[in-house]
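This briefing goes through one protein model with its ligands, topic by topic. Please keep the structure open while reading.

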Amino acid sequence: PENLADFHGEMGSCDTCHVTKKGPTDDNLTYENAQCTSCHGTLKEVAETEREGIVSPHQSHLIGDISCTSCHSGHEKSVTYCDACHSFDYKMPFAGKWEREFVPVNADKDAQDKAIAKGAKETTDVVVIGSGGAGLAAAVAARNNGARVILLEKEPVPGGNTKLAAGGMNAAETKAQAKLKIEDKKQIMVDDTMKGGRNINDPELVKVLANNSSGSVDWLTALGADLTDVGRMGGASVNRSHRPTGGAGVGAHVAQVLWDAAVSKDTDIRLNSRVVRIIEDASGKVTGVLVKGTYTGYYLINTDAVVIATGGFAKNNERVAKYDPSLKGFKATNHPGATGDGLDVAELAGAATKDLEYVQAHPTYSPVGGVMVTEAVRGNGAILVNRDGKRFVNEITTRDKASAAILAQKGESAYLLFDDSVRKSLSKIEGYIHLHIVNEGKTLDELAKKLSMPAPELTKTLATYNGFVKNGKDAQFERPDLPRELTTAPYYAIEVAPAVHHTMGGVAIDTKAEVKGKNGKNIPGMFAAGEITGGVHGANRLGGNAISDIVTFGRIAGEQAAKYAKEN
Ligand code: FAD
Ligand code: MEZ
């Protein structure tokens, strides 16, 4: 047999997998996936049968119930979805190579026009586009405000970039900070954010971000989130980055909590469902969306309001390089769906955009593992050294400066160096060890040898740095926080280089998450939140501010969309 369908065909007929001879009846492939698990078990059950220590796609860090069909296909070659970021040495039966061609949203205009002419299949109050944190928060908020909600996600797995977020969620004047006796003020968060964004941020949006940040932590906590560990991120004056106890990744946790809330509120969630057009009436008011279901094809949904929460475009290097040619050919930290087609949909529907030229590189991406190494590792005490074993930058400066400093080193990469006390302070590090991207030395000499680095220079660098920590002052690079001496063996190093991480620009919104049109007027019924929007982060986003942004503006967008739908 050539593929899975042939293989299963030998055991039965089409009804081994499908409920009708015509094939799938919904884009979640609900029936088909139930057939897979009835014989093979759930993802978790499959993972339990695998050898310990291997890196397996079944031991997923993704959110929701990951469908078998996210990777396994019947009538074409299967692909390991995780290969979009990692490169596993994992043999899947009937597999092909991970490949993804970007198809513009208006590629198929005739078929789209025909589907629109056919009329709507269904009607709802609010359509949310995108199942990342902004979309899920909007869906939950809209459901809380009595709206019928359909949430559409183009990928086979939910959670967007949100599920990958690692270091934390920024918030000021929170209960967790008070408990840890961290003195912070919303105004300081505003000032840090404006300074980090080179003061081109929309100050009104920044005020909304900071003033609602602790409320957003409380809102998530009420839904079941644990955001009690608080650490430092680059460009922040104080520790305000909230994450789960022990330092687990913030994004998978927050996305899972929001996903569970959306599911428990009976949100109609459809995966493999790409929105290709927003429909408006002659007056410019939103009336619907055109969806391309991967399996069911084009169909129209009538809706009063739409929330665009489609994230950024960092994974689309062609688009990134158009705005910032210096990033041409760079790898990206993002999930495969971060291509910016939501931006195309919004622009085609008349949305104004701003700040698209500002694209951020994250300084510490592991080219070997294909993963971003969280800033929290530096926040908890790691330093950066070059191939000569020397420090070269304030490790927790803003990302633009840290990335530029790394690119100026020999080999255009550097090593993130830490000791066992940093490892113990942040459970996220265990994931990097699991992925085999961490070099380990029982002594500094052993580590230096593994890295082909001069051991005496590395020893001197660490001794000097530990002296700075003891004295509370970094006389070399003025690093403002000096969390701990690095003296506890074993020592660890990860090779890191910058990768495209965040797109600051996007659709222009006001403080109620209403989308501004190119004609200067808000587009009735159109709302947007999260990385698809521009203005909150200015020219450079601070670490930890995106999760804060998506929860706060996602909530506002959902509430406002539900209110609008009720009134119209
Ligand atoms: P996303 O979470 O990306 O969700 C958008 C969704 O929309 C995607 O699932 C996408 O597939 C879908 N979509 C796109 N187009 C369409 C369409 N046409 N139709 C249907 N669906 C569509 N920020 C922090 O504050 N703290 C952190 O610790 C942090 N760590 C990060 C680590 C990594 C590795 C990455 C990549 C980012 C990190 N960020 C962090 C940034 C942050 O995660 C993102 O900016 C944020 O999660 C974006 O949320 P969102 O909901 O706007 O978009
Ligand atoms: O905000 C981010 O992008 C972030 C904190 C990433 C990280 O390093 O963890």
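The model is predicted.

**Domains**
- The domain assignment divides the protein chain into domain 1 (4-84), domain 2 (112-163 + 253-358 + 504-567), domain 3 (168-248) and domain 4 (363-500).
- Between the C-alpha centres of domain 2 and domain 4 the distance is 37 Å.
- Domain 2 puts 9 residues into the contact between these two domains, and domain 4 puts in 9 residues.
- On the domain 2 side of that contact there are 5 nonpolar, 3 polar and 1 charged residues.

**Ligand 1**
- Ligand 1 is surrounded by 44 residues, and the closest of them are Gly-130, Gly-132, Gly-160, Gly-337 and Gly-530.
- Two or more residues of this shell come from each of H5, H9, strand S7 (273-280), helix H11 (341-348) and helix H18 (545-567).
- The most is given by H18, with 4 residues.
- By class, the shell around ligand 1 consists of 17 nonpolar, 21 polar and 6 charged residues.

**Ligand 2**
- Around ligand 2 stand Ala-166, Gly-167, Gly-168, Met-233, Thr-374, Glu-375, Ala-376, Gly-543, Gly-544 and Ala-546.
- This shell has 4 nonpolar, 5 polar and 1 charged residues.
- Ligand 2 lies between domain 2 and domain 4, because both domains give residues to its shell.

**Helices H5 and H9**
- Helix H5 (residues 133-144) and helix H9 (residues 250-264) have axes that come within 9 Å of each other and cross at roughly 30°.
- Their crossing is left-handed.
- From H5, the contact uses Gly-133, Leu-136, Ala-137, Ala-139 and Val-140.
- From H9, the contact uses Val-254, Ala-255, Leu-258, Trp-259, Ala-261 and Ala-262.
- The residues of this contact comprise 10 nonpolar and 1 polar, with no charged residue.

**A three-stranded sheet**
- Strands S10, S17 and S20 form an open sheet of 3 strands in the order S10-S17-S20, and the pairing is mixed.
- Strand S10 (353-354) and strand S20 (533-534) are at the edges and have a single partner strand each, so one side of each has no neighbour in the sheet.
- Strand S17 (residues 506-508) pairs with S20 in the parallel sense, over 2 bridges.
- Opposite Gly-534 in S20 stands Ala-508.

Key
Residues numbered from 1 in each chain as written. Chains lettered and ligands numbered in written order. Predicted model: local features only at pLDDT ≥ 70, side-chain atom pairs only at ≥ 80, totals over all residues. Near = placed C-beta within 6 Å. Nonpolar A, V, L, I, M, F, W, Y, C, P; charged D, E, K, R; others polar. Domains from an automatic or database assignment. Axes fitted to C-alpha atoms, helices over the stretch in contact; angles between N-to-C directions. Left-handed = near helix turned anticlockwise from the far one by under 90°. Contact = placed C-beta atoms within 7 Å. Pairing = 2+ DSSP bridges.
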